[in-house]
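Have the viewer open as you read.

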Amino acid sequence: FGRHEVVFPLPSQTQSSAWFSRLLGTSPSDSASSAQPAAVRLQFVGADPDTRVVGQEQLPGVVNYFLGNDPAKWKTNVPTFGSLAYEELYPGIDLVYNGGDGVLKGTYLVAPGANPGSILWRYEGASRVELGKDELLIGVGEAGQEPLFVERSPVAWQTVAGKRTPVNVQYVVHGDGSVGFALGRYDAAQPLVIDPTLEYS
């Protein structure tokens, strides 16, 4: 999770080894370094340059990375979290990520008066991005291959006076390849939640 993008290394042991070695500043093995790790980058278009990525729901466990032979580059006692948030990704809009059951769930929290039309992203490295039946299909191979990513049908709602009211929402793929949401009528004076789910196989 970078400040303005989420990076998905493509599923390959060799590629993943090289990717994480670069991420942690260690020297990958010869076999790993010879492979250029392929990845798809979900990039947030026009995001606030001061966006902060913060962990939420800290978990009891920690992680240690003893990679390479240089102890100065080892990472120890790295905290783990149940979710993380992009604070003020767009003016008045936060994005919270959590995962489970093989999916990555992103929830946009739109403050009253904020413009959900400013939410835009693109998949750098994807060979195709197309609309299925209420879903977004993202492929990295040749046409006809199964999509690597599927953005499931989004849902949106507002909670007013304790009652949850659904808001119509669907994906829109723009001519420049960026993706956003088209929303039905809603009360702009109330908070809005937009809730897509990404399947990454």
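## The second largest pocket

How much space lies in the second largest pocket? About 240 Å³. Keep in mind that we're looking at a predicted model, so treat this as a computed value.

Who lines this pocket? Phe1 is there, along with Val53, Val54 and Gly55, then Phe81, Gly82, Ser83 and Leu84, and finally Tyr97, Asn98, Gly99 and Leu104. Three strands each put in at least two residues: E3 (52-65), E4 (75-90) and E5 (93-100). E4 gives the largest share, with four residues.

## The overall fold

Stepping back, the protein has two helices and 14 strands. It runs to 201 residues, of which 33% count as buried.

Among contacts with a separation of 6 or more, 55% are between residues 24 or more positions apart.

## Glu5 and its partner

Now for the charged pairs; the count of salt bridges comes to six. One of them joins the side chains of Glu5 and Arg41, at 2.5 Å from N to O. Glu5 sits in strand E1 and Arg41 in strand E2 (residues 39-44), so this pair ties together parts that are 36 residues apart in sequence.

Is Glu5 buried or exposed? It's buried, because its relative accessibility is 18% and the cut-off for buried is under 20%. Arg41, on the other hand, counts as partly exposed because it comes in at 28%. Strand E1 itself covers residues 5-9. If you skip neighbours within four places in sequence, Glu5 is in contact with Arg41, Leu42, Gln43, Phe44 and Tyr86.

Arg122 is partly exposed, with a relative accessible area of 23%.

Then there's the bridge between the side chains of Glu135 and Arg152, at 2.4 Å from N to O. Glu135 lies in the loop between strand E8 (128-131) and strand E9 (136-139), and Arg152 belongs to strand E10 (residues 149-160), so here the bridge ties together parts that are 17 residues apart in sequence. Arg152 counts as partly exposed, at 28% relative accessibility.

Most residues other than glycine have a negative phi. Which way does phi go at Asn77, negative or positive? Positive, at about 55°, although Asn77 is not a glycine. Asn77 lies in strand E4, the strand that gives the pocket its largest share of lining residues. At 56% relative accessibility, Asn77 counts as exposed, since the cut-off for exposed is over 50%.

Asp134 is another case: its phi is near 65°, again a positive value in a residue other than glycine. Asp134 is found in the loop between E8 and E9, which is also where Glu135 of the bridge to Arg152 lies. With 53% relative accessibility, Asp134 counts as exposed too.

Conventions. Residues are numbered from 1 along each chain as its sequence is written. This is a predicted model: local features need pLDDT of at least 70, side-chain atom pairs count only at pLDDT 80 or more; totals for chains, interfaces and linings use all residues. Side-chain values use heavy atoms; hydrogens and water are left out. On a 1 Å grid over the protein atoms alone, a cavity is a set of points where a 1.4 Å probe fits but cannot get out, and a pocket is an open set with protein on both sides within 12 Å along at least five of seven lines; lining residues have an atom within 4 Å of a point. Grid points are joined across faces, edges and corners, and a volume is the space filled by probe spheres set on the points. Buried means under 20% relative accessible area, exposed over 50%, partly exposed in between (1.4 Å probe, protein chains only). Contact means heavy atoms within 4.5 Å. A salt bridge is a side-chain nitrogen of Lys or Arg within 4 Å of a carboxyl oxygen of Asp or Glu.
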